[in-house]
Amino acid sequence: MSQNPQYQCPLCQNTLLLEARTFRCQQHHCFDLAKEGYVNLLPVQFKHSKEPGDNKTMVNARRAFLEQGYYQPLVNKLLEIYRAYGQQTAKLFDAGCGEGYYTHQHKTAENTVYGIDIAKEAVKKAAKKYQQCHFSVGTLSQLPFEDGFFDWMISIYAPILEQEFTRVLSKHGYFLTVTPAQRHLIELKEKIYLEAKEHDVERQPIEALSLVHQETLSYSMTLTTGEDILNLLSMTPFAFKASEQLKHELAQLQNFQCQADFHIRLYQK
Ligand SMILES: C[S@@+](CC[C@H](N)C(=O)[O-])C[C@H]1O[C@@H](n2cnc3c(N)ncnc32)[C@H](O)[C@@H]1O
Ligand SMILES: [Zn+2]
């Protein structure tokens with residue numbers, strides 16, 4: 001890791017200092033750095049379930065799917081927008097980073113990159129593979145960072161907590177969101193629902209921020225193997241609707257055409 005990460009104690013909001021693999025605040029709250037290089041900043045009293053967020057099977061499926069490059073056009077677009085609007089030296093934050101696929105692609109020689117997710121399995125995998133970024137387990141509803149800490153924040157298919165995100169964003173800082181657009185994965189949905197509904201893309205504006213840019217990115221993917229289709233399915237909120245028989249059918253398919261349709265919005269404080 002290049003430089004020690006700067007976290008706030010999730011219990012008392014004092015600065016955490018790293019000494020011999022333990023983060024400590026002046027009130028003696030301690031958080032150990034795990035062997036993979038992440039820190040768990042989610043105190044038990046903040047947990048609403050034993051294993052919050054995505055489980056290991058979902059995390060493994062997401063990594064396997066993303067590493068096939070099907071969402072590379074989205075990565076290219078995100079980096080293009082970052083280069084056009086962002087500063088080289090920015091402090092960047094991926095809110096709900098999952099296993100770090102998008103997070104690490106934003107790392108440059110000059111910036112500092114943080115990722116937080118509530119799913120421990122995802123953060124563990126992210127930290128192990130992408131050691132140049134700072135990963136921690138935490139909740140988006142109470143971020144362990146001081147006010148105005150970040151110049152660039154991203155949220156890709158993850159919950160947006162407007163008030164808390166606005167708090168940690170610097171003055172004039174940017175916040176980029178990716179959400180599903182109307183026809184995202186429509187062919188896969190058609191396999192599951194008799195009448196597949198298109199995504200509802202209406203979104204309330206984020207009150208404290210101004211929308212400075214928005215676009216949709218649409219393209220057709222050819223999912224080469226049944227394994228890719230099943231991995232993609234398990235990343236979706238409708239995975240639980242698929243019967244065992246349907247999964248078996250999907251596993252036999254090859255070269256399945258499926259639409260990717262992303263809505264990208266850039267806000268500024
Ligand atoms: C659909 S996944 C997207 C992950 C990643 N951004 C990606 O696109 O690969 C949503 C992520 O949000 C995380 N998440 C959901 N609620 C959260 C919360 N309250 N605090 C932190 N992370 C949360 C989940 O664990 C999951 O990893
Ligand atoms: Zn503390």
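The crossing of helix α1 and helix α7 is left-handed, a term used if the near helix is turned anticlockwise from the far one by less than a right angle, with right-handed used if the turn is clockwise. The structure is a predicted model, in which local features need pLDDT of at least 70, side-chain atom pairs count only at pLDDT 80 or more, and totals for chains, interfaces and linings use all residues. Residues are numbered from 1 along each chain as its sequence is written, while chains are lettered from A and ligands numbered from 1 in the order in which they are written.

Two packed helices are described by the angle between their axes and the distance between the axes. Helices (H or I, at least four residues) and strands (E, at least two) are DSSP runs, numbered from the N terminus. Axes are lines fitted to C-alpha atoms, for helices over the stretch in contact, and angles run from 0 to 180 degrees between N-to-C directions.

Helix α1 spans residues 56-66 and helix α7 residues 226-234; their axes come within 8 Å and cross at roughly 130°. The angle makes α1 oblique to α7; angles under 35 degrees count as roughly parallel, over 145 as roughly antiparallel, 65 to 115 as roughly perpendicular and the rest as oblique. On the α1 side, the contact involves T57, M58, A61, A64 and F65, which meet D228, N231, L232 and S234 of α7. Contact here requires that the C-beta atoms of two residues, placed from the backbone, lie within 7 Å. Five nonpolar, three polar and one charged residue make up the contact of α1 with α7. In these classes, Ala, Val, Leu, Ile, Met, Phe, Trp, Tyr, Cys and Pro count as nonpolar, Asp, Glu, Lys and Arg as charged, and the others, Gly among them, as polar.

Helix α1 also packs with helix α4 (residues 120-129), at an angle of about 40° and with the axes 8 Å apart. Here too the angle makes α1 oblique to α4. The crossing of α1 with α4 is right-handed. K56, V59 and R63 of α1 make this contact with E121, A122 and K125 of α4. By class, the contact has two nonpolar, no polar and four charged residues.

A further packing joins α7 to helix α8 (residues 244-252), with an angle of about 135° and axes 6 Å apart. That angle makes α7 oblique to α8. In α7, G226, I229, L230 and L233 meet K247, L250, A251 and Q252 of α8. The residues of this contact comprise five nonpolar, two polar and one charged.

Around ligand 1 there are 19 residues, of which G53, G96, G98, I118 and A119 come nearest. A residue is near a molecule or strand if its C-beta atom, placed from the backbone, lies within 6 Å of it. By class, the shell around ligand 1 holds 11 nonpolar, five polar and three charged residues.

L42 lies in the loop between β4 (39-40) and α1. L42 counts as buried because it has 23 C-beta neighbours inside 10 Å; a residue is buried if 20 or more other C-beta atoms lie within 10 Å of its own, exposed if 12 or fewer, and partly exposed in between, with C-beta atoms placed from the backbone.

Two residues other than glycine have a positive phi. L185, with phi of about 55°, is in the loop between β9 (169-180) and α6 (186-192). L185 is buried, with 22 other C-beta atoms within 10 Å. N255 has a phi near 50° and is found in the loop between α8 and β11 (256-268). N255 counts as exposed, with 8 C-beta neighbours inside 10 Å.

In helix α6 is I192, which is partly exposed, with 18 other C-beta atoms within 10 Å. Not counting residues up to four places away in sequence, I192 touches F238, K241, A242 and L246. I192 and F240 are 48 residues apart in sequence, and their C-alpha atoms are 9.9 Å apart in space.

Q27 occupies the loop between β2 (22-24) and β3 (30-32). Q27 is exposed, with 10 other C-beta atoms within 10 Å. Apart from neighbours within four places in sequence, Q27 is in contact with C12 and N14.
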